[in-house]
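Subject: A structure for you to look at

Hello,

Here is the structure I promised to pass on to you. Please open it beside this email, and then read on for what was found in it.

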Amino acid sequence: MAPAVVLAVLCVAALALGARSVDAGTTVETLRAVLSGAPLQAGDIDAAAVASRIPRTVTAVLVGAALAVSGVALQGATRNPLGDSGLLGLTAGASLAVALGLGAGLSSGLGTAVLLAIVGTVAAAAVVYAAAAAASRLGAGTGSAPGPLSLVLAGAAVTAGCTAATSALLILSPAVLERFRFWTVGSVARTSLEDAGWLAPVIAVGILIVVAAAPGLDALALGDELAHGLGSRPERLRLVLLGATVLLTAAATALAGPVVFVGLLVPHALRRFRPASTRVLVAGCALWGAVLLVAADLAGRLVIAPQEIHVGVSTVLIGVPVLLMLLRRKAVSL
């Protein structure tokens, strides 16, 4: 089945199933009414249940697509198979910014968290790029742009620093910990349609940038020297991909908090099917990333209903066995 069909079926299931299950007819009618702007019938509990699940389902689609595509971009830009939104310290920077904002007494509302997460992600990316560029200049003795190894090492250092600073702040301020703990576990249940609609264009722009830069990823995989020989500009391409990653990670983290494994798992899983081109891989990652996060959110709501497991946890529970299975199959084929 095409991934778009799988995603559509999963989205309907995510709207219909939960602590209170609703039949497919009521689900479709409620969705049609919400999209058309028609008011829901007062006292209709089933329709209200479906309507309440629409924002989280839309958020799961957006965040899953953003994180999966950011994984492709990072793995290509750094030539590192472990490329993920946490690789360059982006998620850690967003978490530190939110913790600092809460410690400064700012509102703990979603709008504040969105702005702080975006600022933290951009700041972390700027520090990583500047540190990697400085290291490259010292190593080469010229004004060369940062290479993939410099970016990975600088990202590891920034991740460690931001994580340590966040932990210290939470230990020293129990009040901040109490407010921060609700954000630190990835969840798609906190956003509204307005929030998702505000950040959807940012995610769309980031994905389009990666799609446009996708042909250059094939040349970049051969190394910078060969890429130069093929007419590519590795430094410029790497900067473009990192910029797209910042957009995608900032928007996804602002909507759902830190969610891991999507950017690592989905690209590796799809590469086993040998996509015809990198653009096909990027498009497939966008769709299957959305499928993974919607499925993780739905599973988290059904396993221990009426309680739920946040998507940041259920994604790991789903992702770890799948990734280990992929690794085992690769080892057997070797």
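Why are E29 and R32 separated by about one helical turn? They sit three residues apart in helix α2 (residues 24–36), and therefore about one turn lies between them. Helices here are DSSP runs of H or I with at least four residues, while strands are runs of E with at least two, and both are numbered from the N terminus.

Before going further, please keep in mind that this is a predicted model, in which local features need pLDDT of at least 70 and side-chain atom pairs count only at pLDDT 80 or more, while totals for chains, interfaces and linings use all residues. Residues are numbered from 1 along each chain as its sequence is written, and side-chain values use heavy atoms, with hydrogens and water left out.

**Salt bridges**

The structure holds five salt bridges. The term means a side-chain nitrogen of Lys or Arg within 4 Å of a carboxyl oxygen of Asp or Glu. One of them joins the side chains of E29 and R32, at 3.2 Å from N to O. E29 is partly exposed, because its relative accessibility is 45%. For this label, buried means under 20% relative accessible area, exposed means over 50%, and partly exposed is in between (1.4 Å probe, protein chains only).

Another salt bridge pairs D297 with R56, whose closest N and O atoms are 2.7 Å apart. This pair links distant parts of the chain: D297 belongs to helix α12 (residues 278–302) and R56 to helix α3 (residues 45–78), 241 residues apart. D297 counts as buried because its relative accessibility is 2%, and R56 counts as buried at 10%.

D297 also meets R301 in a salt bridge, with 3.5 Å from N to O. R301 and D297 are four residues apart in helix α12, about one turn of the helix. With a relative accessibility of 7%, R301 counts as buried. Salt bridges link R56, D297, R301 and E308 in a network.

**A residue in α3**

Is S70 buried or exposed? S70, which lies in helix α3, is buried, because its relative accessible area is 0%. Leaving aside neighbours within four places in sequence, S70 is in contact (heavy atoms within 4.5 Å) with T245, L248 and T249.

**How the helices pack**

The axes of α2 and α3 are 9 Å apart, and the two helices pack at an angle of about 60 degrees. Axes are lines fitted to C-alpha atoms, for helices over the stretch in contact, and angles run from 0 to 180 degrees between N-to-C directions. α2 and α3 are therefore oblique to each other. Angles under 35 degrees count as roughly parallel, over 145 as roughly antiparallel, 65 to 115 as roughly perpendicular and the rest as oblique.

In this contact, T26, T27, T30, L31 and V34 of α2 meet D46, A47, V50, A51 and I54 of α3. By class, that contact has six nonpolar, three polar and one charged residues. Ala, Val, Leu, Ile, Met, Phe, Trp, Tyr, Cys and Pro count as nonpolar, Asp, Glu, Lys and Arg as charged, and the others, Gly among them, as polar.

Helix α11 (residues 262–271) packs with α12 at an angle of about 125 degrees, with their axes 9 Å apart. That angle makes α11 oblique to α12.

Enjoy exploring, and write back with any questions!
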